[in-house]
Amino acid sequence: MAQSLGKTSSIRFVYLLNMLPVIGLMVFYYTRYLEGTYTFVIPLGLTMMWLVLTLLTGKEKGLISNDVSRWWMVYLFLSVMMVIIGLSSTNLNFVISRLPIYIIPAIGYFVVRHYNRKEKAVILTGFAVVYFANLIYNIFLGFQLPEIFEEQASTEESIEFSIMMNIADTGFLEVAYWLIGALIMTILVVKEKKWRFLCMLLTVPLAYHMLFQNTRGTAILLLMVEMAGFFLAYHEPSQQRNRHVYYLFTVLMLVLLSFIVFIPLMGWLMEHLQSERLADRLNDLVDFKKSGGDLNNVSEGSFSQRMILAQTSLSTFFSSPISFFIGIGDHTQAFGGDLVKSGIGGHSEFIDVLARFGLLGAFVYWKIMKSYYMMLKRMTSKREIRKYVNIIFVIVIFSGILNVLFRPVLQFFLFLVFPVIIEFTAIKNKITYTK
């Protein structure tokens, strides 16, 4: 795959047509105002436009049958079949409206495999402009109206501000800690000072927004774990035979550090920063640690609610032999959005899939994650880059346990932007868009 990065010809007309709906989807999903104001028909139309253009002009025979896309088609098939056999109370229109979720991995695969260096540079630049324009806009409004971030209840219930800002969109913030990881990876690997300085500059507003404005407990915890993982990866053994033991030690250390260091540190931050929003988001994590994992002694915050919803999905999974093996499908709409009554918690990707599709769905998701990791691994053979990619992939797994992982806003980064960042970082350990 990385060989296509060596092509430095000008942007080709066929691929210019191909990238227009891709950029359109990025603008739509990373701009809260557009996503909150317009219907699903727009991204669905852009997705179908991309499919038609690619099939007509790209002559790509393996568009859906490649390793990355194939298992997403199986997942789509499962969703459709659960509706047809009557286990899902949702209809086919609901499944069709979610088509971008199943197609974005194919878009990412196509971009990585077929775009040349300049075309990938356009995509990467487009993402940077759209994402950071929205980020700076959020920070600017945060300076003008700081109470928006402090009063969590009013912000998430306010239609006016939720379509103006990414306050209520957890996915926008999840991209932030993965993007911080990608930028720090580039800083550690790239040799050219101007690119290292640019990455440092971009990290500042990301960290500021995460830590001091749109504070989320799980996001801060995962960022801490990611940074600790980077530190351990930086000091990995030089001899390959020692690495398996070292990384087993690394995972254990990250888990221990989370409970022994990171969560108490978050408690210290609560006491000294005097932020109501920070306290509201972190209190339940601190309580969970103090109680020794007893949910009955945890305050009713975001984390405790997520744990209750995860238990809902687990209870559904173990409720009967049918739900254990093939799940119960999707029922959220039938219960008016009541996640507990629907039997699907909707806040933990890897646990929810057990309730929706049982062991069969778990197998498909394992294949999805394996194919994604193999794609990242093929981006570069350089060990000094791969070790940081491995840490970010571990954070992806952790995020899938704590949040809904596969949404368009996240998929664009995971399947398209991040692989391109890896490729550019791998060019002689420096980022250069032109000769």
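Modeller: Helices here are DSSP runs of H or I, at least four residues long, numbered from the N terminus. The model is predicted: local features need pLDDT of at least 70, side-chain atom pairs count only at pLDDT 80 or more, and totals for chains, interfaces and linings use all residues. Residues are numbered from 1 along each chain as its sequence is written, and side-chain values use heavy atoms, without hydrogens and water.

Colleague: Where does Arg356 sit?

Modeller: In helix H19, residues 349–378.

Colleague: Why is Arg356 called buried?

Modeller: Buried means under 20% relative accessible area (1.4 Å probe, protein chains only). Arg356 has 16%, so Arg356 is buried.

Colleague: What makes the link between the side chains of Arg356 and Asp330 a polar contact?

Modeller: The limit is 3.5 Å between N or O atoms; within protein, one must be able to donate a hydrogen and the other to accept it, and residues adjacent in sequence count only if both atoms are side-chain atoms. This pair lies at 3.2 Å, so it counts.

Colleague: How many cavities does a search of the whole structure find?

Modeller: Three of 30 Å³ or more. A cavity is a set of points on a 1 Å grid, over the protein atoms alone, where a 1.4 Å probe fits but cannot get out.

Colleague: What lines the largest cavity?

Modeller: There are 13 lining residues, and Asp330 is among the closest to its centre. Lining means an atom within 4 Å of a point. Helix H4 gives the most, with four residues.

Technical notes:
Helix = DSSP H or I, 4+ residues; strand = E, 2+ residues; numbered from the N terminus. Buried < 20%, exposed > 50% of the residue type's maximum accessible area, 1.4 Å probe, protein only. 1 Å grid on protein atoms, 1.4 Å probe; cavity = no way out; pocket = protein on both sides within 12 Å on 5 of 7 lines; lining within 4 Å. Points joined across faces, edges and corners; volume = space filled by probe spheres on them.
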